[in-house]
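Keep the model open and click along as you read.

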Amino acid sequence: MIELRDLQPDDLAEVSALGIRSKASWGYGADEMEIFSGELTLDDSSLAECPTAKVAIRDEQIVGHYTLRRHANAGVELEHMFVDPDHFRHGIGRQLFASALETARAAGAEELMLISDPNAGGFYENQGARITGEHHSSIPGRTIPIMTIGLRTQG
């Protein structure tokens with residue numbers, strides 16, 4: 001059973017390490033991982049920029065997390081979402097993403113945007129997101145997909 005709770009400042013080191021392990025599972029080289037490590041290390045300012053942040057707990061262990069960032073145009077961005085590689089393919093990512101969608105919808109957003117690692121794009125497409133653009137990666141010469149998913153409810 002997975003429990004979701006708010007990410008606390010005491011969780012920052014653990015979720016940062018989890019994000020780095022998760023990213024490394026895609027086979028990136030040491031030089032790329034050095035760049036990504038800086039981007040994936042969360043601190044107190046990360047929580048200030050992304051005040052909505054959740055962790056997934058299984059057997060009293062953090063096995064995943066996400067952060068949401070609000071933009072001035074009332075948009076919401078999924079800033080980080082990672083699952084521990086030892087817990088891939090157990091529905092944790094789907095549960096985290098569903099929570100992020102619900103939270104963004106409750107905040108009044110009509111759309112959730114994310115910049116996806118190309119290796120995770122298929123997951124987000126399976127959840128209903130579509131590619132709407134490209135973003136220049138921190139890795140020179142590389143672009144990565146910008147994806148969006150609509151949040152309007154039918155009715």
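Start with Pro 140, which lies in the loop between β6 (130-136) and β7; helices (H or I, at least four residues) and strands (E, at least two) are DSSP runs, numbered from the N terminus. Because its relative accessibility is 71%, Pro 140 counts as exposed; the cut-offs are under 20% relative accessible area for buried, over 50% for exposed and partly exposed in between, using a 1.4 Å probe and protein chains only. Pro 140 and Leu 151 are 11 residues apart in sequence, yet 33 Å apart in space, C-alpha to C-alpha.

A word on the ground rules: this is a predicted model, where local features need pLDDT of at least 70 and side-chain atom pairs count only at pLDDT 80 or more, while totals for chains, interfaces and linings use all residues. Residues are numbered from 1 along each chain as its sequence is written, and side-chain values use heavy atoms, with hydrogens and water left out.

Now turn to helix α2 (residues 30-40), whose buried residues are Met 33, Phe 36 and Leu 40. Seen down the axis of α2, they fall within an arc of 65°, so they line one face of the helix; the arc is taken from the directions from the helix axis to the C-beta atoms. On the face turned away from that buried side, α2 carries the exposed residues Asp 31, Glu 34 and Gly 38. And what covers the buried residues? The cover includes α1 (12-24) and β4 (76-83).

Zoom in on Phe 36, which is buried with a relative accessible area of 3%. Phe 36 forms an edge-to-face aromatic pair with Tyr 28, 4.9 Å centre to centre and with 75° between the planes. (Rings of Phe, Tyr and Trp, the last by its six-membered ring, pair if their centres lie within 6.5 Å; planes under 30 degrees apart count as stacked, over 60 as edge-to-face and the rest as tilted.) Tyr 28 counts as buried too, because its relative accessibility is 16%. The charged end of Lys 23 sits over the ring of Phe 36, 4.4 Å from its centre; that takes NZ of Lys or CZ of Arg within 6 Å of the ring centre and within 35 degrees of the ring normal.

Elsewhere, ring pairs link Phe 97, Phe 123 and Tyr 124 into a cluster. Leaving aside neighbours within four places in sequence, Phe 97 is in contact (heavy atoms within 4.5 Å) with residues including Leu 78, Leu 112 and Ile 149.
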